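Trainee: I would like to go through the pockets and helix contacts of this model. Can we take them one at a time?

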Amino acid sequence: MVLSLLVWAAMGHAVAQDTTVTGPDGKLEVTLCCPPSTGCPACTVTYEGKVMLESSPLGLVTDAGDFSQGLKPDGEVRTRSIDTVYTQSRIKTSTVHYKANELVCAYVNAKGQKMRLTFRVGNNDIAFRYTLPKSGETGSVRVLQETTGFRFPAHTTTFLTPQSDPMIGWKRTKPSYEEEYKADAPLDDKSQYGHGYTFPALYRIGGDGWVLLSETGVDSRYCASHLSDAEDRTYRIAFPMPGENNGNGTVEPAFALPGSTPWRTVTVGSTLKPIVETTVPWDVVEPRYDTRHAYRMGRGTWSWIVWQDGSINYDDQVKYIDLAADMGYEYVLVDNWWDANIGHGRMEQLIRYAHSRGVDVFLWYSSSGYWNDIEQSPKNRMDNPIARKREMHWLRAQGVKGIKVDFFGGDKQETMRLYEAILSDADDYGLMVIFHGCTLPRGWERMYPNYVGSEAVLASENMVFNQHFCDNEAFNACLHPFIRNTVGCMEFGGVFMNKRLNKGNDGGTTRVTTDVFQLATSILFQNPIQNFALTPGNLTDAPKLCMDFMRQVPVTWDETRFIDGYPGKYVVLARRHADTWYVAAANATDRPLKLEVDLSMLGEGQAAMYADNKRLQPELKTLELEEGVRTTLTVMPQGGVVVVK
C-alpha cells in the first residue's frame with residue numbers, strides 16, 4: 001500500500017494533514033486534506049497523474065453536531081489491505097476478486113465530537129463513507145445535510161439524466177428514474193427540472209479519461225441520494241425532495257449511533273473499460289440476511305408489454321404460458337389487474353396449468369397507493385405488514401415464485417424501509433422480488449438474496465406508448481451499458497420481435513431497429529430474471545433464426561468484458577456464460593460502422609454470427625477467428641451483431 005502522511009505535528013496532535021492513499025497498482029490516487037484555516041475536509045483524485053476530481057468537499061451536518069467545518073485530525077489513522085473473493089450469481093460476473101487499500105481517518109469538531117472517514121481505493125474504484133461513534137448519551141442522529149461534493153475539471157462533459165419533480169407524470173408516480181439522458185452535455189448545463197441528476201452519473205474528462213459516480217449500500221437506515229446541479233463545477237450529494245411520497249416521510253435520514261452513511265462510489269479509468277466492468281457496488285456491501293431458499297434465475301414471457309391491460313385475462317395468459325413452455329422459459333409474469341380480471345380463485349387454476357407446462361409464475365402488485373393516484377390492483381397489500389404477510393402466505397401455498405412490485409413514491413428513508421421490508425418478508429415465503437416504477441438498486445443483489453431486478457430506467461414500455469422512444473431506442477441502448485446497467489441489474493423488458501408494437505402486429509408504434517439489434521439487447525442488458533417482449537405470434541411471424549437464438553440465450557453471466565464503444569453512439573460488449581461467449585454490438589448512428597475489435601477471448605476457429613444484411617434482414621453466418629488477428633464487425637445503422645462461441 002502507498003500511504004503518505006505529509007504534514008504531522010509532534011506529540012500526536014495534527015495541525016495540518018495531507019493523506020494520500022493509492023490503489024494496489026499505484027495508478028489511482030486519493031489525497032485528503034483538512035486545512036487548519038477552515039477545517040473543511042476535501043479530497044482530490046488523480047489517475048495516472050491526471051486530475052479526475054479537483055479538490056472536492058467532504059463532510060456532513062447533523063442535529064447533534066457539524067462535521068463539515070472547523071474540523072481537526074485527531075491523530076487516528078488506520079490502514080489495511082483488502083484482498084477477498086466472493087461469488088454472486090446475479091451480477092455481471094460470478095466470481096469477484098476484490099483488492100483495495102483502506103484508509104480510516106478521524107476528525108473532531110469544535111465540540112470535541114468525532115467523525116471517521118473511510119476510503120477504500122482499488123485499481124479503478126473508490127468507495128467512501130462517514131461513520132459517527134456514540135458520544136455521551138446521544139444514541140441517534142438526524143443528518144441535515146451532506147456537504148459531499150465532486151468538483152470536475154473545466155474540460156469535462158456529462159452523460160446525465162435529471163431528477164424529476166415529485167408527484168408529476170402518469171398518476172403522479174414520479175420520480176421513478178425514467179427521464180431522458182443528454183450525451184456529452186456541457187458541465188454547467190442545468191437539469192431539466194432544477195433538482196439535479198440521478199445516480200449513476202457519467203463524466204468524460206476530455207481526453208484524460210472517464211468518471212462514474214454512484215452510491216451503494218442504501219437500506220432502511222438511510223435515504224437514497226442524488227446529485228445537485230453543478231455550482232462552480234461541483235455536484236453535491238442531495239437528499240430527496242419534500243414532495244416525494246405525497247409529502248409523507250422526512251427528507252433527512254436518521255440512524256442509530258454508532259452508525260455509518262452509505263458508500264459513495266467513484267469509478268475512474270483512462271478508457272470506458274473500468275466503468276463497464278466495475279463491481280464496486282457489490283464489493284463494499286454485505287448480505288443483510290441469509291436465506292434457506294435456492295432461487296432460480298431465468299427467462300419469462302410477459303403479455304402486458306405488447307398486448308397491454310386487455311391481455312390480463314385467463315385465456316390470454318394461457319397463451320403466454322404456452323409461449324414460455326415452447327421457448328423453454330422458466331417463468332411467466334402476470335401483470336396488473338389480475339385480481340380483478342382473473343381473481344384469486346381462478347388464478348390458482350391458472351398457476352396449476354402453468355406448472356403442468358413446466359412454467360413458474362410471477363405476479364404483479366402495486367406497492368400501495370396513498371402516495372399516488374394508481375388504480376391498478378392488487379393494491380394496499382405490499383405496504384402493510386399484516387396484509388403483506390397474509391398475501392405472501394397465499395402466494396407460497398400456490399407455488400408462486402416471485403412478485404413484481406410497482407409504483408414507489410421516491411427516495412426517502414421511509415421508502416427504503418418499504419423496499420427492505422418487502423424483500424425480507426418475501427424471502428420468508430421463498431419469493432423473489434422485481435421492482436418497477438422504482439429507485440436505482442444500490443448493491444441490492446449482494447445485500448438481499450431474493451432481489452432479482454429493478455426497472456429504474458426509461459424502459460421498454462415507453463416504446464409502446466410513444467414513437468419518440470422507438471426512434472431513440474438505439475441511442476438509449478448504447479447508453480445503458482456505460483451508465484445505468486454498470487451499477488445494478490436492469491429489468492428493461494425488451495427484445496421485441498413485433499415490428500408494430502400492438503397485439504396484432506399491425507398498428508401502434510413502429511420499431512425502427514433491426515431484429516439483430518433486438519437480439520443484441522438480450523446480451524447488452526443484464527438482469528438475472530429477463531421478461532422478454534416476445535408474443536405468441538412471433539412463433540410464426542418472426543424469423544426462425546431469431547426465435548431459435550432467444551430459446552437458448554442465457555440471463556446469468558460468469559464474466560463481462562468491454563470491447564469497444566462510445567456512450568449513445570455504439571457499443572460492443574462480451575459476456576461469458578459457463579464456457580460460451582456472447583459478443584453483442586449495437587449501432588445508434590445513421591451509418592454502417594466497420595469495427596476492428598479484439599475477440600481473442602473467443603479463441604481460434606469458427607463462431608456463429610448473427611448480423612444484418614444490406615436489406616437489414618437477419619442472417620446467421622460463420623465467422624472465422626484467427627489468433628492474433630483483430631476481427632472486423634460491420635454493424636448496420638440501428639442494427640446489431642451477435643457472435644456466439
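Trainee: Which residues lie nearest the centre of the largest pocket?

Mentor: This is a predicted model. In it, the lining of the largest pocket is made up of 27 residues. Those nearest the centre are Trp170, Glu178, Phe407, Glu461 and Phe465.

Trainee: Which element gives the largest share of the lining of the largest pocket?

Mentor: Two elements each supply at least two residues of this lining, strand E26 (402–406) and helix H10 (461–465). The largest share is 3 residues, and the element that gives it is H10.

Trainee: Which residues are closest to the centre of the second largest pocket?

Mentor: The second largest pocket holds about 400 Å³ of space. It is lined by 15 residues. The closest to its centre are His97, Asn123, Asn124, Asp125 and Thr279.

Trainee: Which element gives the largest share of the lining of the second largest pocket?

Mentor: Strand E9 (95–108) and helix H1 (273–277) each give two or more residues to this lining. By class, the lining divides into 4 nonpolar, 6 polar and 5 charged residues. The largest share, 4 residues, comes from E9.

Trainee: How are H4 and H6 oriented, roughly parallel or roughly antiparallel to each other?

Mentor: Helix H4 (residues 314–327) and helix H6 (residues 343–356) pack at an angle of about 20°, and their axes are 10 Å apart. Angles under 35 degrees count as roughly parallel. H4 and H6 are therefore roughly parallel.

Trainee: What is the handedness of the crossing of H4 and H6, left-handed or right-handed?

Mentor: On the H4 side, the contact is made by Tyr314, Gln317, Val318, Ile321 and Asp322, and on the H6 side by Arg346, Gln349, Leu350, Tyr353 and Ala354. By class, this contact has 6 nonpolar, 2 polar and 2 charged residues. The crossing in which H4 passes H6 is right-handed.

Trainee: How many residues of the contact of H13 with H15 are nonpolar?

Mentor: The axes of helix H13 (residues 515–524) and helix H15 (residues 544–552) come within 10 Å and cross at roughly 5°, so the two helices are roughly parallel to each other. H13 contributes Asp515, Leu519, Ser522 and Ile523 to the contact, and H15 contributes Cys546, Phe549 and Met550. Of these residues, 1 is polar and 1 is charged, and the nonpolar ones number 5.

Note on methods
Residues numbered from 1 in each chain as written. Predicted model: local features only at pLDDT ≥ 70, side-chain atom pairs only at ≥ 80, totals over all residues. Heavy atoms only, no water. Axes fitted to C-alpha atoms, helices over the stretch in contact; angles between N-to-C directions. Parallel < 35°, antiparallel > 145°, perpendicular 65-115°, else oblique. Left-handed = near helix turned anticlockwise from the far one by under 90°. Contact = heavy atoms within 4.5 Å. Nonpolar A, V, L, I, M, F, W, Y, C, P; charged D, E, K, R; others polar. 1 Å grid on protein atoms, 1.4 Å probe; cavity = no way out; pocket = protein on both sides within 12 Å on 5 of 7 lines; lining within 4 Å. Points joined across faces, edges and corners; volume = space filled by probe spheres on them.
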